[in-house]
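Me: I would like to learn how to read a structure with several chains. Could we go through it feature by feature?

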Amino acid sequence: MVNERIICAGFGGQGVMSMGQLLAYAGMIEGKNVSWLPSYGPEMRGGTANCNVTVSDTPIGSPIIDHNATAAIVMNLPSLIKFEKELEKDGILLINSSLIEKKAERDDVKAYYVPANEIAVEIGNGKVANMVMLGAYIELTKVVKVETVIEALKKVFGPSKAHLIPLNEKALERGAEEVRG
Amino acid sequence: MAKILMKGNEAIGAAAIKAGCKFFFGYPITPQNELPEYMARELGKAGGTFLQAESEVAAINMVYGAAGSGARVMTSSSSPGIALKQEGISYIAGAELPCVIVNIVRGGPGLGGIQPAQSDYYQSTRGGGNGDYKLVVYAPANLQEAVDLVMEAFDVADYYRNPVMVLGDGMIGQMMEPIEFREPKKRELPPKDWATTGTEGKRKPNIINSLRLDPAELEKLNQKIQAKYREIEKNEVRYEMYNIENAEIVFAAYGTTSRIVKNAIEMLKQEGINAGLIRPITLWPFPHKAFDEIPETAKAILTVEMSCGQMIDDVKIANNGRLPVGFYGRSGGMIPSPQEIVNKAKEMLGGAK
Amino acid sequence: MAVVFKRTEGLTETPFHYCPGCTHGIIHRLVGEVLEELGVLGKAVGVAPVGCSVLAYDYFNCDMHEAAHGRAPAVATGIKRVLPENVVFTYQGDGDLASIGTAEIVHAAHRSENITTIFVNNAIYGMTGGQMAPTTLVGQKATTSPYGRDPKHAGMPLKVSEMLATIPGASYVERVSVHNPANIRKAKKAIKKAFECQLSGKGFSIVEVLSTCPTNWGLTPTESLKWLEENMLPYYPLGNFRSPEEVE
């Protein structure tokens, strides 16, 4: 039974909000209960942006993640420091090792290191680092199908940005490869 | 229709347009800005008018003018802005005009903060401005409910010729959830033959007014409005009873807080404690009768709010001295955690079980 | 028998409550006559906020809104946006418009809201009993300036027409007076032009009408007319400050 509570965090501009939205969107398409809750206010401007995403087979009570995250996707160092402690035991910690040299401090969580920016640049566009991380997360949890994320992307992008789909698809796939056992 | 994923503030705007809202007057304030911004983008396309007023005071008075002219009209703001609107809201209630007011509550007092709060319960349910009047106050706990209630709010406002408030908080406004637009139940809405649309020389002038210098006349107006409120109390009370059977402790919570309480109820269940929830959906009229349905198993009521304790007054009135009523609240934009709620519940039940 | 004068269709049969010698009655009549003559009574919607003219809804023979103190321009905005084909006007005093309602009048002009404002300036709060208004003249005694208005303490009287004329959206701004028949005729012309400005869709129009308050000035009606002429006219010069042609 799916009951995933994910924190996506990073600098404003790293696409952490859209990564979370995409995951929520895909969950909705697959008929699951979803919620997306952003941080808002001054801390969003230039500092760390983050969102709480819940994807669940059962109705969602509180959309707030409170020390019970099943996963955290951290794109920069301040996010790692801030959100590592929000993970529950055995939670997944996905660290963007392109920008974060520090290792996970906790040994009761499953940490994965993905050089998301390097991979993104390698496949042609540094902006899809968020999709690399999302690909890795989906590979680890199978919370939604990759095809559904692509379907959600098509809806979000619309016809004018349809040409960006293959790049995003590739980013998701490379992220998955990175954590495939 | 397929579900769509929308941000709360925008979903409220979309629901208003679906409900036939044609006019929106507002003023920027966080955390509700996405709502006027959505209306600025979309209302014109739907044949309506969005106007950014010079102040919240002006905005609500524009609402008064538009409502008096027979239009479906809405305004939105957040706590300090709603405080400014109270003058106009009182006039609208006194002149018996329909409109919808959205309050995406933030912490107070004063300028306060911008994070979610429920500290406008008194302001919303006790009138808020001068005089004896009430707003119908809806407190959605999720976005589907917000959308449903906004759509219904316009009908309820028209039906009773009374302002209706939809009370959210920063979380409801900012979060995204799947929604779909559903027609509210049909109501026979009376024609707006009182609206000031010009006499065309065919009828006596219509007058939109709350002034009655003759005390006997003013009392008569009050009696008429009060009779309407009794009707609303009879017909429009909404609440949710959750897991109430065999509950040892019953929570009272609304909106965002009720969702956190549901998590606390799950946690208590794992510890072998049966807890239930009364969730008012209408804060006014308050669901007094829900408290008559509390089972004999219950030993206490625990009110949980994102305030220093406001709804608890109504809970005590509804409880009528039967059970001990406790309170747990966080304020200023702090959100109570399920664990804190669990701890307080156990404390009320007499320590660790 | 030839009829030389009759009550305008623009007013109801309700007797005015205004004090003897107060010029509100004249101004009401002028507005009523203009609405009748322009043939727009049937599509007129008036707004009267708080002040001596708070009961104007009983006097004008058209649809009316009573509004909160100072808020008439905002209320009129709401009405006009819903009913762009109707003729919408506000009727406001100087405490209302020049004090508590400055934001609303400035921004109605700023948006060039296509409404007409009749602004009755008698340099005092009438209804509440003769308190100092922003328009009270220097040295003028009022219950809240019992020793006469001291500009060091309360500032200089506010010249509303001059101020509004600086706003690009104010299409028609004129100050008139009703202290004698010649000026009453001029006042009516200005009121008519203001409504014509609205009818031709040219945006915000306002006519400031200098008016008397014998009761609170402590003068007889005739003394009041003379006081207006001798004291108000020098500080509040009559004339057109802005016309639609100029705006175009």
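This is a predicted model: local features need pLDDT of at least 70, side-chain atom pairs count only at pLDDT 80 or more; totals for chains, interfaces and linings use all residues.

Me: How many helices and strands does chain A have, and in which pattern do they follow along the sequence?

Reply: Count the elements, then read them in sequence order. Chain A has six helices and six strands. Their pattern along the sequence is β-α-β-β-β-α-β-β-α-α-α-α.

Me: Why is chain A said to be as compact as a globular protein of that length?

Reply: The step is to set the radius of gyration beside the value from the globule rule. For the 181 residues of chain A that rule gives 16 Å, and the radius of gyration is 15 Å, close to it, so chain A is as compact as a globular protein of that length. Along the principal axes, the C-alpha atoms of chain A fill a box of roughly 40 × 40 × 40 Å. As for burial, a residue is called buried if 20 or more other C-beta atoms lie within 10 Å of its own. Buried residues are 50% of the 181 in chain A.

Me: Which pair of chains shares the most contacts?

Reply: Compare the pairs that touch. There are two pairs of chains in contact, and chains B and C share the most contacts. Chain A and chain C do not touch, and 29 Å lies between their nearest C-alpha atoms.

Me: How many residues does each chain give to the contact between chain B and chain C, and which elements of chain B take part?

Reply: Look at each side in turn. Chain B gives 34 residues and chain C gives 29 residues. On the side of chain B, at least two residues each come from β2 (23-26), β3 (49-52), α3 (56-68), α4 (79-94) and β9 (207-208). The largest share is that of α3(B), with nine residues. Sorted by class, this side of chain B holds 16 nonpolar, 15 polar and three charged residues.

Me: Which strand of chain C is joined to β9(B), and how do the two run?

Reply: Look for bridges that cross from one chain to the other. Strand β2 (residues 63-66) of chain C is joined to β9(B) by two bridges, and the strands run parallel. In β2(C), C:His65 stands opposite B:Ile208.

Me: What does the contact between chain A and chain B take from each chain?

Reply: The approach is as before. Chain A supplies 16 residues and chain B supplies 19 residues. On the side of chain A, α1 (16-29) and β2 (33-38) are the elements that give two or more residues. The most comes from β2(A), with five residues. By class, that side of chain A has ten nonpolar, five polar and one charged residues.

Me: Into which domains is chain B divided?

Reply: A chain can be read in parts. Chain B is divided into domain 1 (4-235) and domain 2 (239-348). Taken over C-alpha atoms, the centres of domain 1 and domain 2 of chain B are 28 Å apart. Their contact takes 26 residues from domain 1 and 22 residues from domain 2 of chain B. Among the elements that give two or more residues on the side of domain 1 are β7 (163-169) and α8 (215-235) of chain B.

Technical notes:
Residues are numbered from 1 along each chain as its sequence is written. Chains are lettered from A and ligands numbered from 1 in the order in which they are written. Two residues are in contact if their C-beta atoms, placed from the backbone, lie within 7 Å. Helices (H or I, at least four residues) and strands (E, at least two) are DSSP runs, numbered from the N terminus. Ala, Val, Leu, Ile, Met, Phe, Trp, Tyr, Cys and Pro count as nonpolar, Asp, Glu, Lys and Arg as charged, and the others, Gly among them, as polar. Two strands pair if DSSP finds at least two bridges between them. Domain bounds come from an automatic or database domain assignment. The radius of gyration is taken over C-alpha atoms; the globule rule is 2.2 Å times the number of residues to the power 0.38. A residue is buried if 20 or more other C-beta atoms lie within 10 Å of its own, exposed if 12 or fewer, and partly exposed in between; C-beta atoms are placed from the backbone.
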